[in-house]
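This report goes through one protein chain, part by part. Please look over the sequence and the structure before reading on.

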Amino acid sequence: MAKRYHCPVEFAVDVIGGKWRPVILAHLKEGVHRYGELRRRMPGVSEKMLTQRLRELEADGLILRHDHETSPPHVEYRLTEEGRSLAPVLQALYDWGAARAARTGTTIGETG
């Protein structure tokens with residue numbers, strides 16, 4: 001039996017919610033990335049968590065995984081058409097987060 005939702009926002013958050021899914025999607029909105037690039041851009045995520053979230057996003061039809069079948073491994077991730085349809089939402093989250101950080105004096109970016 002399919003899950004029943006009572007609000008479109010509930011459904012959207014079920015698909016893209018969580019700590020890492022929107023962040024992965026936001027990075028892939030910028031273009032194709034290899035696994036290692038995503039790891040470097042997201043230093044707070046474990047390899048296991050990143051792998052799990054990438055698999056979930058692929059299963060949900062939001063990203064594509066392309067394995068070039070080379071040694072060493074060369075795997076790239078990109079947004080699907082459905083994933084690209086999230087671009088305005090992701091941009092709105094980015095803009096709001098940047099404005100909120102400015103209002104609260106919160107530093108965003110590399111440290112050190």
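## A glycine after a helix

Gly31 is partly exposed, since its relative accessible area is 25%. The model described here is a predicted one. Gly31 sits in the loop that links α2 to β1 (33–34). Just after α2, this glycine adopts a positive phi of about 145 degrees. Between the C-alpha atoms of Gly31 and Gln91 there is a separation of 14 Å, and the two residues are 60 residues apart along the chain.

## The chain as a whole

The protein chain contains six helices and three strands. Their order along the sequence is α-α-β-α-α-β-β-α-α. The C-alpha trace spans about 50 × 45 × 25 Å along its principal axes. The chain has 112 residues, of which 24% count as buried. Of the contacts between residues at least 6 apart in sequence, 43% join residues at least 24 apart.

## Helix α2 and His27

The buried residues in α2 are Arg21, Pro22, Ile24, Leu25, His27 and Leu28. His27 belongs to helix α2. With a relative accessible area of 15%, His27 is buried, because the cut-off for that class is under 20%. Leaving aside residues up to four places away in sequence, His27 touches His33, Leu38, Arg41 and Met42.

## Helix α4

Helix α4 covers residues 47–59, which makes 13 residues. Which residues of α4 are buried? They are Leu50, Arg53, Leu54 and Leu57. These residues lie on the same side of α4, because they cover an arc of only 100 degrees around the axis.

The buried residues of α4 pack against α2 (21–29), α3 (35–41), β2 (63–67) and β3 (75–79). Lys48, Arg55 and Ala59 are exposed, and they are carried on the face of α4 turned away from its buried side. Just after α4, Gly61 has a positive phi of about 80 degrees.

Two packed helices are described by the angle between their axes and the distance between the axes.

| Helix pair | Angle between axes | Distance between axes |
|---|---|---|
| α2 and α4 | about 75 degrees | 10 Å |
| α2 and α6 | roughly 110 degrees | within 10 Å |

The axes of α2 and α4 are 10 Å apart and meet at an angle of about 75 degrees. The two helices are therefore roughly perpendicular to each other. On the α2 side the contact is made by Arg21, Ile24 and Leu25, and on the α4 side by Leu50, Arg53, Leu54, Glu56 and Leu57. By class, the contact of α2 with α4 has five nonpolar, no polar and three charged residues.

Helix α6 takes in residues 87–104, and its axis crosses that of α2 at roughly 110 degrees. That angle makes α2 roughly perpendicular to α6. Here Pro22, Leu25, Ala26 and Lys29 of α2 meet Ala87, Leu90 and Gln91 of α6. By class, this contact of α2 with α6 has five nonpolar, one polar and one charged residues.

Terms used: Residues are numbered from 1 along each chain as its sequence is written. This is a predicted model: local features need pLDDT of at least 70, side-chain atom pairs count only at pLDDT 80 or more; totals for chains, interfaces and linings use all residues. Side-chain values use heavy atoms; hydrogens and water are left out. Helices (H or I, at least four residues) and strands (E, at least two) are DSSP runs, numbered from the N terminus. The expected span of a helix is 1.5 Å times one less than its number of residues. Buried means under 20% relative accessible area, exposed over 50%, partly exposed in between (1.4 Å probe, protein chains only). The arc is that of the directions from the helix axis to the C-beta atoms. Contact means heavy atoms within 4.5 Å. Axes are lines fitted to C-alpha atoms, for helices over the stretch in contact, and angles run from 0 to 180 degrees between N-to-C directions. Angles under 35 degrees count as roughly parallel, over 145 as roughly antiparallel, 65 to 115 as roughly perpendicular and the rest as oblique. Ala, Val, Leu, Ile, Met, Phe, Trp, Tyr, Cys and Pro count as nonpolar, Asp, Glu, Lys and Arg as charged, and the others, Gly among them, as polar.
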